[in-house]
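Please examine the sequence and the three-dimensional structure shown below. The report that follows is intended to be read beside them.

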Amino acid sequence: MRRLPAAAAALTALALLVSGCSGGGDRATDGTVRLSFQSLAWQKESVDANKQLVQEWNAAHPDIQVDYVQGSWDNVHDQLLTSFEGGEAPDVIHDASDDLADFAYGGYLADLRPLLPDRLTGDIPRQSWETTTFGDGVHGVPFLQEPKVLIANTKILEASGVRIPTPEKPWSWPEFRDVTEKLTDEGTYGVAWPLKEPVSVTLNLGLSAGGQLFHRGADGKVTIRFDAGDEVMPGTVRDQVNSDSSAARSALGMGGSDTLPGFFGGKYAMVPLGFSYRQQVVEQAPEGFQWTVLPAPAGSGGLAQGVSPQTLSVAEDSPHKKEAVRFIDFLLRPANMVRLARGDWMLPTGTEALADPALHTQENGWAAGTALARALRPAPAQSVRGYPEWKDKVATPALQEYYSGAIDTEELRRRLVEDGNRVLARYQR
């Protein structure tokens, strides 16, 4: 999920109040259907792409007019909950799949299965649809996704003589640990792990080593296990920080953007970041700085990693669900999906859009990221009831202490599993 700077978020919140976000599509006296589309785009390229597509739709559909409403990632969950309960929800809702479960199970989002055209359902792979399937319904269209990649300092990498990984032959987790030791030199750490919010990174990259953590039984209930595959990714990071000194301890409390000044200054040879951070690198890197995009390490699960795609949903209370889905189908035509992906520096979910040559160029690492698309899977906790509480009260503090070296693997396991299962049990009675 993308985050706006605080000042921008405040302005966005003010804009929402001024605009009223008075969703619930209406029909004008002349018979024109009016839909509200709340977008969470925030980068200029992305906002421009979304607004331009709305203008193109309105020009071609005088009988179905769409009003663009600017939302914010920073407060979207609470803002949507308030609008749902107040009967003022937008007709078309931009969000992320890991934010939909409560809204879907709460009856706030329409089941799109009877409304979606075959073109759209056939173009987006099954594993992407799984991210928006809750119970028996599909409550959103997944359209943009973001793998984790290694953004590396080319000069440091080439000078070290280490093997350069490719999607066809990535580093294994043990090899990655060895490489970061080799890249570590006076004044330079091999890697910086920005783990201010450690849970999603740990779960999503853990899939590459066969980790799953959440297991659904025959009765449909979910329990937590911390198996050998779940240990690989966090164990590697803990060893890099506490045993090898090849990962910067100070980065553990950072967000992704916080690591970029040190990366540009040669303090870190590599930083694991979301694919869209390339835009910040392009905009902020000093002149002449050379960088490259590498695949994240792989294990028994290959390059698999979890993602929570951005989504488009329709409010259950919308009186114009068919028209809203027609607009979504227009937004996500292959050429338009490419425009949205490039505006957000992310990958489209649609197979036809993903094949567009514009997303396979070497420039700015597009081809390196696109090569990972087939390995992307639903985030492990995608539809787990009680996950937010488990994340905030159990997993975040436990992982932060583990990565810093304050607790060992057995204590991490006990807290994630024993304390975690007590939390989940309350939601599954």
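## Basis of the report

This is a predicted model, in which local features need pLDDT of at least 70 and side-chain atom pairs count only at pLDDT 80 or more, while totals for chains, interfaces and linings use all residues. Residues are numbered from 1 along each chain as its sequence is written, and side-chain values use heavy atoms, with hydrogens and water left out.

Helices (H or I, at least four residues) and strands (E, at least two residues) are DSSP runs, numbered from the N terminus. Two strands are said to pair if DSSP finds at least two bridges between them.

Strands of a sheet pair through backbone hydrogen bonds, either parallel or antiparallel. In this model, three strands form an open sheet in the order E11-E8-E12, with antiparallel pairing. Strand E11 (270–274) and strand E12 (291–295) are the edge strands, each of which pairs on one side only. On average, neighbouring strands of this sheet are turned by 35° against each other, direction ignored; for such angles, axes are lines fitted to C-alpha atoms, for helices over the stretch in contact, and angles run from 0 to 180 degrees between N-to-C directions.

Strand E8 (residues 148–153) pairs with E12 over five bridges in the antiparallel sense. Within this pairing, Val293 of E12 is the bridge partner of Ile151.

## The buried strand E14

Why is strand E14 described as largely enclosed by the rest of the structure? Five of the five residues of E14 (residues 310–314) are buried, so the strand is largely enclosed. Here, buried means under 20% relative accessible area, exposed means over 50%, and partly exposed lies in between (1.4 Å probe, protein chains only).

In a regular strand the side chains alternate between the two faces of the sheet. In E14, Gln310, Leu312 and Val314 point one way, Thr311 and Ser313 point the other way, and all are buried. Strand E4 (residues 92–96) pairs with E14 in the antiparallel sense over five bridges, and Thr311 is the bridge partner of Asp95. Strand E7 (residues 141–145) also pairs with E14 in the antiparallel sense, over three bridges; there, Leu312 is the bridge partner of Val141.

## The largest nonpolar core

In soluble globular proteins, nonpolar side chains tend to be buried together. A nonpolar core is a set of buried Ala, Val, Leu, Ile, Met, Phe, Trp, Tyr and Cys residues joined through side-chain atoms within 4.5 Å. The largest such core has 47 residues, and those with the most contacts inside it are Trp171, Trp193, Phe214, Met270 and Trp390. Among the elements that give two or more residues to this core are E8, helix H8 (173–183) and helix H10 (228–242). H17 provides the largest share, eight residues.

## Cavities and a pocket

On a 1 Å grid over the protein atoms alone, a cavity is a set of points where a 1.4 Å probe fits but cannot get out, and a pocket is an open set with protein on both sides within 12 Å along at least five of seven lines; lining residues have an atom within 4 Å of a point. Grid points are joined across faces, edges and corners, and a volume is the space filled by probe spheres set on the points.

A search of the whole structure finds three cavities of 30 Å³ or more. The largest cavity holds about 110 Å³ of space. Of its 14 lining residues, Thr202, Leu203, Leu213, Phe226 and Asp230 lie nearest its centre. Helix H9 (198–206) gives the largest share of this lining, four residues.

The second largest pocket has a volume of about 270 Å³. Among its 14 lining residues, Gln212, Pro378, Ala379, Pro380 and Ser383 are the closest to its centre. Strand E9 (214–216) and strand E16 (376–378) each give two or more residues to the lining, and E9 gives the most, with three residues.

## Two residues with positive phi

Most residues other than glycine have a negative phi, and most peptide bonds are trans. Trp345, however, has a positive phi near 60°. Trp345 is found in the loop between helix H14 (334–344) and strand E15 (347–348), and its 9% relative accessibility places it among the buried residues.

Asn364 likewise has a positive phi, of about 60°. Asn364 is found in the loop between helix H15 (351–354) and helix H16 (366–370), and at 23% relative accessibility it counts as partly exposed.
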